[in-house]
Each structure stands twice: as C-alpha cells, then as structure tokens.
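Have the structure open as you read.

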Amino acid sequence: MIQSVRGTKDILPDDIHLWNFVEGVFKKISSSYGYSELRTPIFEKTEVFVRSIGEETDIVNKEMYSFLDRSNESITLRPEGTAPLVRAVIQNSLIQQSNLLRLWYYGPFFRYERPQKGRQRQFHQYGAECIGSEFPESDAEIISLACDILKGIGIKNFKVLINSLGNNDSRDKYREELIAYLSNHLSELSEDSRRRFEKNPLRVLDSKDEKDIEITNSAPSILDFLDKESIEHFEGVKKILTKLDIDFTIHPKLVRGLDYYNHTVFEFQSSELGAQDSIGGGGRYNQLFTEFGAKQTPAVGFAFGVERLIIILEKIIEKDKLVQKPDIFIVSGLNPDDDYYISLVKKLRNMNLKVITDLNRRSFKAQMKESNRVGAKFALLLGDDEKNSNNITLKRLEDGFQQTIAFDSIENFNFDNQ
Ligand code: AMP
C-alpha cells in the first residue's frame, strides 16, 4: 500500500467537524474586526521567502520545500503566510487603494521539520495582518483579535507573552551587547546555540536547552536598550491591552524566529500542548515592505497553528456536539426508482433537511437499524400503504413516537420543533 508522505495527515470525516468549527470562528471573528480574506498561491518564487524571513533562520536554512520547476525556476512551497501576503499586497497595489489594510489568511503551509505531536510537514495556519499603521493601537487590535479567536473557539487557558525588540537602532545596540555577553559563555552553550550565535545571536534567547536558559537568564535584557520612541510604542501597546482586559506577561527573552520583526513581538501559549506549547505568535514588521523593494509600510500580524488549536479543542469539547446528525433517514420498501419515493426525497432536500437514503437495497429491518446507527432524528417509513394513501409515516427515534403526515402538507411540518 502506498502511504502518505511523512509528516502529513489526512483529516478524516470524523475530525472535519472540528476543522469546520474553527474555520467558522476564523471567518466570523475576523469579519467582526473588519478583516478581509486574501488567498495567495501555495507556492512562490523561493526569493520571496529568502529575502523576507532571513537567510540565517531555521526556516530558510533547513525547512523549506524548494525545488526547481521544469523551467529551472526555484520554487518554494510556502512555509509561512506573511511574506506571500506582502508580495500580493504590493503586486496588486492594494496599499495604494487604501492606506490601511486589514487582511486574514488560512490554509496549508509546509516545513521540513521532524514530525511530532503538533508538528507536521504540512500544517495549517490562520493569520491576520494589519498593514499601514505604525501606531500601538494596531498592535493592540491584532493581539485582541487573536485573543477573541481563541475565546471564540472556547480556549480560556492561554498565556499572552509580549516583548519589544525596539526599532532598528535599539535592536542593533542590544545585539552588540548580547554578543559581548554570550562570547564569555560560548563554551558552555549548546551546539545549536553556538551555531545560532554565529548567524543570528538573538535566537540564542529562544533555546529550550536548560543550560542555555540558565546562561541567557543573566544576559542583558533588550528592554534596557529601548530608545524613547521604542519605549513609547511599547507603553502604548501595554496601556491599550490593559484597558481591553487582556492579561499579558512581559517576556524579555521572547524574540521569535524570523528576522523581519521589530518593536512588538508576542506569542500565545497553552499548557494543554506539552512540549510544543506555542499556539501562535507574531509581531510588528515595519521593514518587510522595503525588502521587497516597495515603499516603507508599517505592519503588524500574527499566525496560529491550526493543528494545535484542534489538539486543544479536542480536549475541551465533545466532538459529537459539533456533528450535524441527519434529520431524516428514509426507510423504504419501495423501489429505488419509484416516482413517489424520488419526489419525496427531492421535496425534503429542498426544505434544507439533512436526508439520508439507503443505497444498498437493504431490507426494511436493516434500514431501520441503520437509521438508529447514524443517529437520525426521524426514520421516515415508506411502503405501498403510504404510497397508495399519499402520505408518509414519521417515527421519532428518540422515543418511538409515530405519526402520519399527508405528502402535500410536508412543507408545513416543522421538523426542528418536534
Ligand atoms: P511561526 O510561523 O513559526 O511563528 O509559527 C506560528 C505557529 O504555527 C506556531 O506557533 C505553531 O502553532 C504553528 N506551526 C509552526 N510550524 C508548525 C509545524 N511544523 N507543524 C504544526 N504547526 C506549526
């Protein structure tokens, strides 16, 4: 048997209800904040990601699905959503048409990572980006949108960690200071962190290695290097979040993996997830547009990993509650091409009812059993008697209550309220 590719998963009918539910929340809450959906292709020219995410990041270095297509162009399956979205905004001149864009996206993403619970090679992200405002209220709006989505899904126990990387000046000064500190501890750092130190020293702060954590706990804090402008921005964000009753924790070691962030960065965590405790995160990226050769445009955004939202949702909801059970299972003794039977099914479906019929020509008894198995609300019993007298027999499966209804008055029968 040919198996699926390592790190990919089929989403089976039993689980799709969870997905449909969270997708519904994404749409509803994004729309209530005035965000519109933008869909980009799932592959882009490789340079879209190399330029934006940064050459020295894990994603670009070792996780991208890149290949040469038949005309020798380097193509990459998108590992994240912000860079393609920014590419699309620039290419379609969306920012010229409006000086503020509120956008969201949802779909599959691809990273060549070691698969484990909550980490796949094809996974899904929902993300939102607020483009065109440099002010702290846009950072707060994005964080608030993210929190409302988590709450809309029913997730209550999550942590919001925030930090500021400051503007470029502050970040550069801090970087130098951090390099000086880490150089004195190089031999004690993990191999991974020593490599990061060479290429992207801020990312050493991200390490999960215990010894690294001990060392970076005493490292200088970026918050001591913020200049006036950076402090004002960060204070502005915190003030609004507090007024919105968003419970956040300042985490000075939060830097996040991508190169393009400045000022506010944030992350959402859940203890329900175990080792992979990050549900998602994001930050401000005022320089990214210039990396694409466009005019400098301030922006802030975030992304959630949807597989992780589903893992949490499974723990807090009874899956059955999301399943729409059939309204009617037709238990028929008539021929499958009988006029009366066919027009009845058509009529019921036109009433927007969920109607299931037997396609295996099973006995009346077997169909009755099946109507119970699928959890239908009613079994609709249909035989020669019903056909000859132009009516139907409805059996409420919960208690066996049976009633006869004239074919012509079916439209007036309220199936919901029985
Ligand atoms: P990032 O784009 O790296 O900031 O990731 C944002 C979120 O996407 C993470 O917090 C995870 O929830 C999710 N995520 C990232 N990579 C994966 C993956 N390989 N498998 C599943 N979820 C992922």
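Let's start with the second largest pocket: domain 1 (13–167 + 227–319) and domain 2 (169–222) both give residues to its lining, so the pocket lies between them. Domain bounds here come from an automatic or database domain assignment. This is a predicted model, in which local features need pLDDT of at least 70 and side-chain atom pairs count only at pLDDT 80 or more, while totals for chains, interfaces and linings use all residues. Residues are numbered from 1 along each chain as its sequence is written, and side-chain values use heavy atoms, with hydrogens and water left out.

The volume of this second largest pocket is about 400 Å³. Of its 18 lining residues, Arg171, Asp259, Tyr260, Tyr261 and Glu291 are the closest to its centre. On a 1 Å grid over the protein atoms alone, a pocket is an open set of points with protein on both sides within 12 Å along at least five of seven lines, a cavity is a set where a 1.4 Å probe fits but cannot get out, and lining residues have an atom within 4 Å of a point. Points are joined across faces, edges and corners, and a volume is the space filled by probe spheres set on them.

## Who lines the pocket

Helices α2, α7 (168–183) and α11 (288–291) each supply at least two lining residues, and α7 gives the most, with 4 residues. Helices are DSSP runs (H or I, at least four residues), numbered from the N terminus.

By class, the lining of the second largest pocket holds 5 nonpolar, 5 polar and 8 charged residues. Ala, Val, Leu, Ile, Met, Phe, Trp, Tyr, Cys and Pro count as nonpolar, Asp, Glu, Lys and Arg as charged, and the others, Gly among them, as polar.

## A cavity between the same domains

Lining residues of the largest cavity include Leu165, Arg171, Asn200 and Asp259. The lining comprises 4 nonpolar, 1 polar and 4 charged residues.

## How the domains meet

The chain also has a domain 3 (325–412). The centres of domain 1 and domain 2, taken over C-alpha atoms, are 25 Å apart. Across their boundary, 19 residues of domain 1 are in contact (heavy atoms within 4.5 Å) with 16 residues of domain 2.
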